[in-house]
Amino acid sequence: MTESLLVDMRQITKKFPGVLANDQVELQVKRGEILALLGENGSGKSTLMSILSGLYRPDAGEIYVAGHQVSFKSPREAIKAGIGMVHQHFKQVETFSVAENVILGSKDAGFTMNTKQVEKEIAELSQGYGLQVDPTAKIWQLSVAERQRVEIVKMLYRGSKLLVLDEPTAVLTPQEARELFQVIKQMTTRGQSVILITHKLNEVMEVADRVTILRNGKSVATRERSQVNERELARLMMGQDIIAPTKRKLGNLGQPILQLKDVSAPSDSNRAGLCNVSLSVREGEILGIAGIAGNGRRELAEAIVGLRSLTGGSITLCGKDVSNFSPREIIEEGVSYIPEDRLGSGLVPNLGAIDNLILKEYRRPGLGRGPFINRKLAKEFALRLIESVGVKLTGLEAPVKMLSGGNLQRILLARELAAKPKVIVAVYPVRGLDIAAAEAVHQMLLEQRSKGAAIVLISEDLEELLKLSDNIGVLYKGTLMGVLPVTEAEPEKVGLMMLGSQPEEVKAS
Amino acid sequence: MIKLERRAAPSSMGLVLIPVIAVFLALITGAIFLYLNGLSSPKGITWGQVFAVYGGMLDGAFGSTYGVSETIVKAIPLMLCGLGVSMAFRMQLWNIGAEGQFYMGAFGASWLALTYPELPVYLMLPGMVLLGLLCGGLWALIPGIPRAYLGVNETITTLMLNYVAILWVNYFIFGPWKDPQGMNFPLSKPFEPSAVLPTLGSSRVHFGLVFALAIAVLLWFVLKQSRWGYEVTVIGESPRTARYAGMNIKKNIILVMFVSGAIAGLAGMAEVSAITQRMQQGLSPGYGYTAIIVAWLAKLNPFAIILVAILLGALQVGGYSVQTTGVPAAIVFMIQGALLFFVLGGEFFNRFRIVLKNQGKVEV
Amino acid sequence: MTQEFLITILATAITAGTPILFAALGELLTERSGILNLGVEGMMLVGAVSGFIFAVKTNDPWLGVLAALVGGGLMALIHAFLTVTLQANQVVTGLALTLFGTGLSGFLGKPYIGVPIENAFKPVNLGILSDIPFIGPVFFQHDQLVYLSYIVVPVLWFLIYRTRLGLNLRAVGENPASADSLGVSVYKVRYFYVTLGGMLAGLGGAYLSLAYAPTWLENMTAGRGWIAVALVIFATWNPLRAMLGSYIFGGIDAFGFRAQAMGIAIPSFFLKMLPYIFTILVLIMVTRKAMANRVGSPGALGVPYDREER
């Protein structure tokens with residue numbers, strides 16, 4: 001039945017230094033179907049799709065599109081063959097308008113670009129699929145969901161027969177995700193196919209026609225949706241039954257440790273920074289912060305750790321006013337920070353483990369010795385921390401950028417948790433980690449909570465927030481829409497707040 | 001089919017091999033230019049003559065005690081400027097103003113020597129060293145401060161100040177400092193013996209060598225063992241992480257620029273005091289620029305800088321020695337530039353290896 | 001100040017600004033593609049010397065211009081190969097290019113120092129345009145290369161902002177991954193504009209040796225290449241502003257020459273410092289403004305692109 005196959009990938013193998021990302025992977029897509037590509041982080045889904053879309057070239061294997069063998073040397077050739085990919089990190093030029101982004105690289109627009117005409121075409125095209133997009137808007141003015149729609153329009157404009165979506169719902173609220181699913185179902189009715197890369201079982205069950213499962217770089221199974229259940233999918237994805245996470249008991253919350261009162265702060269661009277945010281985190285509490293990217297999550301974290309100066313309001317730590325303290329003073333007050341970009345702003349990629357681990361300790365008496373660093377003590381200190389988190393290193397001097405994401409995060413946590421922090425600000429602490437590493441990170445945070453730390457957990461993953469938090473606050477355009485106890489925080493409700501509804505309105509609706 | 005593969009870690013063989021191959025290729029490039037240039041001249045040229053030029057250069061630089069001592073004499077300012085530049089490069093501060101800082105250091109030292117010629121030697125020389133350091137350092141602060149507080153591109157500003165420094169010095173030697181007995185040449189009066197750095201034995205190798213070696217050891221120690229050295233390394237590698245860790249980036253930019261300029265200023269002081277023994281035009285044949293190559297070739301390692309400086313010093317002496325045979329001295333700059341190209345290009349092979357597909361791996 | 005004097009100053013500002021203008025336009029295109037080339041000074045020198053040698057040998061200044069374009073372009077190709085293909089550090093590669101260009105031009109030009117050139121570019125009268133009062137003598141009594149720059153500037157502006165090629169160029173400079181994912185070849189675009197940039201720098205150098213000076217002197221660019229790099233920042237990567245900026249610099253240069261004729265008793269050494277000091281001041285002011293208005297450089301400037309970088 002090769003006639004009905006749009007794409008046939010056979011025995012695809014791709015190696016990266018030290019990793020076999022794809023190992024003889026098989027994948028078939030039929031015309032007009034939604035195929036879910038399911039697998040954990042690091043199972044090789046994105047690599048496989050980058051090969052299909054011409055970004056990477058396979059080391060071995062064959063690809064057939066509509067029965068013809070192809071070998072894409074660049075994304076352009078893949079696009080020509082009707083394959084369009086929407087990457088997790090959108091490939092957009094922020095300073096361009098939507099229309100300019102859409103026509104980039106296309107020859108249809110003519111040498112001097114008839115912008116008006118193109119804008120009209122884009123408007124018509126997007127309306128046909130129920131995609132709300134303003135072709136004249138500049139990318140940097142758009143929300144994440146809008147930017148995702150631009151990516152889809154970009155591919156539709158090029159006449160894609162197969163659209164590959166890489167974890168599209170990771171950045172969306174539940175409501176926005178549902179809208180997206182409507183759009184891709186709309187596409188299949190027109191005979192177009194969709195590959196949905198995901199690690200969420202419920203999404204597979206909700207929209208997919210079939211599902212192919214990857215594990216450790218190998219394709220382990222392909223099933224019709226109607227013939228599987230979530231439990232079997234989970235088993236295929238992990239190679240074992242998942243142990244249901246033990247429902248942890250709500251903690252005993254103590255005194256307020258960290259308090260923000262009417263805090264305002266600017267953002268990097270012209271978007272909302274923070275606007276009169278007030279909140280309080282108590283001893284032994286995890287306060288989860290939800291919000292769509294660009295609505296003040298990063299600004300909140302940076303304001304607390306002293307990296308962003310306040311334009312109004314105050315921050316107190318155990319009753320002491322620490323507003324506009326320098327990062328160094330904030331560290332001295334016992335605040336730890338697990339930044340969003342662990343390699344770029346938490347660690348020094350080209351230095352070894354020792355130099356990374358003493359980053360907050362080097363000037364304290366002990367390691368510091370007058371103007372010098374006691375290198376012997378520094379090594380002992382580092383070894384102790386490494387042992388405490390159980391990371392195996394090839395050498396203490398080898399640049400840490402060579403480590404896997406999970407080990408990097410363990411090193412970072414080892415350093416940040418070493419000084420018995422009173423407050424921990426963690427931003428997307430498990431982004432990009434596989435399940436085992438993510439679980440370890442979560443355990444470490446819960447352990448700190450039981451030791452009485454006040455934790456602010458900022459995440460894009462609602463499930464993670466619901467699993468760990470005691471209370472959940474929602475940021476929208478720099479304003480805190482409200483804080484809900486986790487028992488009252490249903491995903492739908494939080495989702496609506498992320499889109500700007502007040503909690504009262506949500507209750508009423 | 002040829003394919004590139006990213007290396008997990010830089011190859012240790014490459015670290016040594018690449019500079020050696022680069023030197024070799026740069027010399028070949030120079031030879032090709034010599035040959036082509038010779039062909040277009042009426043007399044013509046043979047490859048034998050090209051190699052004779054290199055032979056002459058080698059002989060000029062190392063063939064005699066005089067040659068060796070001249071090589072070291074040329075290497076001293078390269079060592080000092082290279083050490084200064086490397087300090088800034090380590091923090092990703094592209095200070096290419098060592099030339100100007102060199103001139104200002106020489107200017108400061110000369111000012112003392114010419115204004116207070118009667119000072120005893122134990123005040124004069126330390127005073128000149130101090131003023132050399134200070135003037136070079138302050139000159140580097142002019143671009144350093146706007147860089148620290150406003151993020152003004154230091155590459156351009158440091159370079160612009162080279163021209164300003166040379167014009168500044170020229171003003172003095174063509175004007176107020178001009179030697180009445182100098183037959184109208186742009187020279188200052190000669191310094192008193194008290195203002196001349198001692199030499200080692202009867203050669204022209206002077207006390208500046210001790211400065212260079214001492215500073216190399218000092219920098220190595222500071223970078224390896226001190227809190228400040230650690231901060232400089234972290235800031236250079238990852239400013240965002242450094243900021244989060246509470247390091248004062250602005251203060252360190254200013255400090256590093258000052259130190260970087262001060263060391264180059266000391267080079268100027270040593271040169272003017274020990275070699276020319278008066279302020280004069282064209283004090284530096286571009287030491288400040290060659291120092292950039294020295295620092296990069298040495299991968300910013302203080303001890304490697306000493307060695308590379310000697311190598312490039314030899315190239316310069318060799319270049320001068322063949323000038324009499326009609327080869328333009330500019331060939332030296334050309335070979336230096338080519339050398340840097342090959343080193344930069346070679347670094348690629350530290351990060352990637354070339355793989356022949358369907359065949360074994362070929363290490364490069 | 002008489003009107004006549006003002007005209008002289010303004011007209012000299014244009015001729016003195018033209019070599020910087022060509023070089024700045026070249027660097028502007030280069031940086032728009034995301035590559036920083038600090039070797040402008042070296043490329044200008046090679047352009048100046050190769051232009052001069054060919055013009056003297058062939059007795060045709062236009063062949064000199066052609067040689068300068070080739071010379072500057074070849075130099076830029078070295079930069080493109082090292083920074084685009086081999087992903088070398090762009091700052092240091094640019095410095096190497098300047099050192100290499102300085103040496104190469106000195107080496108090649110040695111026999112030509114002091115050689116007279118007979119067929120240098122000379123002012124050409126444009127008829128009615130040149131006769132317009134004030135405007136004519138300021139703008140339209142120059143040589144052909146100045147007129148060429150009047151054409152190049154608007155053409156480049158149109159190319160960058162109004163054409164598909166310009167869209168590709170800007171996208172590659174802002175976000176190469178985005179351009180690549182839509183089939184715009186990042187490598188081709190970068191190679192093309194880096195080389196074109198080098199050709200324009202070579203042309204700027206040739207203007208010095210074939211029209212402005214006209215002679216060959218070692219290091220005759222005297223930092224103009226670096227001023228051009230600074231000008232690109234001042235111009236916020238816009239050719240029209242680059243033109244304005246170049247003429248301002250030319251004006252300062254011209255003022256330095258004429259100041260003594262005006263009876264201003266400042267030693268010439270200090271007058272010669274003016275363009276360099278002015279460059280520093282302009283950079284400081286522009287950076288402050290850029291920080292306030294967030295007028296950024298091309299987003300990917302100075303960052304090598306590697307498709308398989310993970």
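**Figure 1. Salt bridges in the predicted model.** A search of the whole structure finds 26 salt bridges over all chains, a salt bridge being a side-chain nitrogen of Lys or Arg within 4 Å of a carboxyl oxygen of Asp or Glu. This is a predicted model in which local features need pLDDT of at least 70 and side-chain atom pairs count only at pLDDT 80 or more, while totals for chains, interfaces and linings use all residues; side-chain values use heavy atoms, without hydrogens and water. Residues are numbered from 1 along each chain as its sequence is written, and chains are lettered from A and ligands numbered from 1 in the order in which they are written.

**Figure 2. The salt bridge of A:Glu492 with A:Arg178.** The closest N and O atoms of A:Glu492 and A:Arg178 are 2.8 Å apart. The pair links distant parts of the chain, 314 residues apart: A:Glu492 lies in helix H17 (residues 491–498) of chain A and A:Arg178 in helix H6 (residues 174–189) of chain A. Helices (H or I, at least four residues) are DSSP runs, numbered from the N terminus.

**Figure 3. Packing of helices H13 and H14 of chain A.** Helix H13 (residues 375–389) and helix H14 (residues 405–418) pack at an angle of about 115°, with their axes 9 Å apart. Axes are lines fitted to C-alpha atoms, for helices over the stretch in contact, and angles run from 0 to 180 degrees between N-to-C directions. H13(A) and H14(A) are therefore roughly perpendicular to each other (65 to 115 degrees). A:Leu385, A:Ile386 and A:Val389 in H13(A) meet A:Arg410, A:Ile411, A:Ala414, A:Arg415 and A:Ala418 in H14(A), where contact means heavy atoms within 4.5 Å.

**Figure 4. The interface of chain B and chain C.** Contacts join 44 residues of chain B to 46 residues of chain C. The area buried between these chains is about 4100 Å², and carbon and sulfur atoms give 84% of it. Buried area is the accessible area (1.4 Å probe) that two parts lose on being put together, summed over both.

**Figure 5. The interface of chain A and chain C.** Chain A and chain C bury about 2500 Å² between them, with 60% of it on carbon and sulfur atoms. On the chain A side, A:Lys91, A:Leu104 and A:Phe111 lose the most area to chain C, together 23% of what that side buries. The count between chain A and chain C is 1 salt bridge. The side chains of C:Arg170 and A:Glu100 meet in a salt bridge, at 3.8 Å from N to O.

Methods. Helix = DSSP H or I, 4+ residues; strand = E, 2+ residues; numbered from the N terminus. Parallel < 35°, antiparallel > 145°, perpendicular 65-115°, else oblique.
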